[in-house]
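Here is a set of questions and answers on a structure. Sequence and model come next.

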Amino acid sequence: MDLRTATIGSIRSALARREASAREIAQEALRIAREENPKTNACLTLAEERALAAAARVDEALARGEDPGPLAGVPVAVKDIIVTRGLRTTCGSRLLAEFVPPYDATAVERLEAAGALVIAKTNLDEFAMGSSNENSAFGPVRNPVAPDRVPGGSSGGSAAAVAQGIAVAALGSDTGGSIRQPASFCGVAGLSPTYGRVSRYGLVAFASSLDRIGPLARTVRDAAQLLEAIAGRDERDSTSAFAPVPDYEAAMSGDVRGLRLGLPREYFEGLAGGTAAQMEKARALLASLGCELREISLPHTPWAVPCYYIIATAEASSNLARYDGVRYTWRAPDAGTLAEMYAKTRGQGFGAECKRRIMLGTYVLSAGYYDAYYLKAQKVRTLITRDFLAAFEQVDAILAPVSPFPAFRLGEKLDDPLQMYLSDIFTITASLAGLPAISVPCGRTPEGLPVGLQLIAPHFGEPLLFRIGDAFERAGGGSL
Amino acid sequence: MKITEQEVRYVAALAHLELGPDEIRRMTHELDQILAYMDRLRELDTENVEPMAQVLFPGSENATLREDEPRAPLPHEEALANAPAAGAGQFKVPRVIER
């Protein structure tokens, strides 16, 4: 078994046949991480002790003849905005460079309870704000497929680590596309689950009404298995859903005949860099599998970017207020008064994009502008959600590109924040509506850059996404 | 102009964010462009539309209240472990009241 291309299934059978111990897998994964990481900067911290301790628990369970859990011995990487007890969690920010959380996120707790080995914390845009991973205080991540290009963001490190062979799967977070877009840029599968499907306890907050934790993996099946381990009600997150977690494995029947897939015409305009051609091939493949494809309209799509960037920055400006130099490790050294300490700590600690969003968010919430921007955006959010609910009267799921273009060059969009925001156009709509959406690899452009196919389902429609995504993948969708 | 340098300084003060003169200039330019783009929302009539503050599902349960039972909190030392300055079981900050 080669860990660089292994899946959860291949690790399970290697352990069952005693071809490898969990300890050997952990050591090999860490060795690969040390060797590979300098090429991309995907990981910020390696969790050697923690991974070996988890591996020992798996090996002991196996020695006693017990079930070591559905993710036993699987090396996973965790985005560095999901807290890990005793393991540095930076959020990609200078402010938290030394922050060591006193507790574990629920998703991490559940992964480890299922036998997974947390081997690394992955790089990201600072506080998950960005679409290129260039906003990290610890340097950008390079795309393992094309090192002069970005891996996407904000979960760029998680996507790169999976694509590059460092981790078999990873946790990311998605607020406006931060799992799906890097998954598409790096050629891996990535799911943003229904809002509330996975507990946000221990996910450092960016925009609380939009934030979700989800899996990135080499196959749709692996993403499904990861989700199954982390999903479900958690009383420590009052927004986590009570809906029971279904058997995602059972949903992947391979049969998609008769499913009605809607192609929103607004999502096929202005595609660039070979994306349209890959989408055309995907459409033909799904039709050959028996899906019924039809054009639909989501008419409020053109207003999604302004709507999203008002709501997300408003929530971010509130959530980031806590980084004031009092509780979280870093304080500007040269402040005389309390007020000066707040302003200097924040002014020197946050990077340019965080400052921009704090400013935008503070502005749209300030007296005189609240109704014109924030309240207006919340109403438009209702309209965007209604578009989807109406579409799901006619179709079972929606099919669209993840991004208008494949991975762009490092630095290409860095000086134009508005252009960067516009690159999120096809992912933020499902985020605003709280819908589950998956990015499935859909071959490569003539330049060799991965393209992602996005599938969007009604709330709690993850089984349908896995069913279609898995059938597409098995039919060769990844090498179109 | 959607926003002036003076307004940017006012908003930065609201946000407790110290910005240098170059940052103020650049921020004014960028926010101006972004806010102009955000004005596109005015094209939509939202007269009788309810604002959406959170994601709600049809038939979702709301039984999020639990019994108020005492539990062990995060120990003091652990809660203070990340503080830039702590003492006597408290977070320490620059003096607020002059003696």
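Buried means under 20% relative accessible area, exposed over 50%, and partly exposed in between (1.4 Å probe, protein chains only). This is a predicted model: local features need pLDDT of at least 70, side-chain atom pairs count only at pLDDT 80 or more, and totals for chains, interfaces and linings use all residues. Residues are numbered from 1 along each chain as its sequence is written, chains are lettered from A and ligands numbered from 1 in the order in which they are written, and side-chain values use heavy atoms, with hydrogens and water left out.

Q: What percentage of the residues in chain B is buried?
A: Chain B has 99 residues. Its accessible surface is about 7400 Å², with 50% from carbon and sulfur atoms (Shrake-Rupley method, 1.4 Å probe; for residues, only the protein chains shown count as cover). The buried share of chain B is 29%.

Q: Is chain B compact or spread out by the globule rule?
A: In order from the N terminus, the elements run α-α-α-β-β. The radius of gyration, taken over C-alpha atoms, is 23 Å, well over the 13 Å from the globule rule (2.2 Å times the number of residues to the power 0.38). Chain B is therefore more spread out than a compact globule.

Q: What radius of gyration does chain A have?
A: Chain A holds 16 helices and eleven strands. The globule rule gives 23 Å for its 480 residues, and the value for chain A is close to that, so the chain is as compact as a globular protein of that length. The C-alpha trace spans about 65 × 50 × 45 Å along the principal axes. The radius of gyration of chain A is 21 Å.

Q: Among contacts in chain A between residues at least 6 apart in sequence, what percentage joins residues at least 24 apart?
A: Contact means heavy atoms within 4.5 Å. In chain B, the share of such contacts that join residues at least 24 apart is 38%. In chain A, the share is 76%.

Q: Which residues of chain A does B:V49 touch?
A: B:V49 sits in the loop between helix 2 (21-38) and helix 3 (76-80) of chain B. Its relative accessibility is 10%, so B:V49 counts as buried. Leaving out residues up to four places away in sequence, B:V49 touches A:K379, A:T382, A:L383 and A:R386.

Q: How many residues of strand 6 of chain A are buried?
A: Strand 6 covers residues 212-217 of chain A and is largely enclosed by the rest of the structure. A:R212, A:G214 and A:L216 point one way, A:I213, A:P215 and A:A217 the other way, and all are buried. The count is six of the six residues.

Q: Which residue is the bridge partner of A:G190 in strand 6 of chain A?
A: Two strands pair if DSSP finds at least two bridges between them. Strand 4 (residues 169-174) runs antiparallel to strand 6 of chain A, joined by six bridges, and A:S173 stands opposite A:I213. Strand 5 (residues 189-192) also pairs with strand 6 in the antiparallel sense, over two bridges. There, the partner of A:G190 is A:L216.

Q: Which residue follows helix 5 of chain A?
A: Helix 5 (residues 156-164) is mostly covered, with eight of its nine residues buried. Those buried residues pack against elements including helix 2 (22-40), strand 4 and strand 6 of chain A. The residue after helix 5 has a positive phi, near 100°, and is A:G165.

Q: How many aromatic pairs are there over all chains?
A: Rings of Phe, Tyr and Trp (its six-membered ring) pair if their centres lie within 6.5 Å; planes under 30 degrees apart count as stacked, over 60 as edge-to-face and the rest as tilted. By this rule, the count over all chains is 17.

Q: Why is the pair of A:Y370 and A:Y374 tilted?
A: Both residues lie in helix 13 (residues 370-391) of chain A, four residues apart. The ring centres are 5.3 Å apart. The pair is tilted because the planes stand at 55°.
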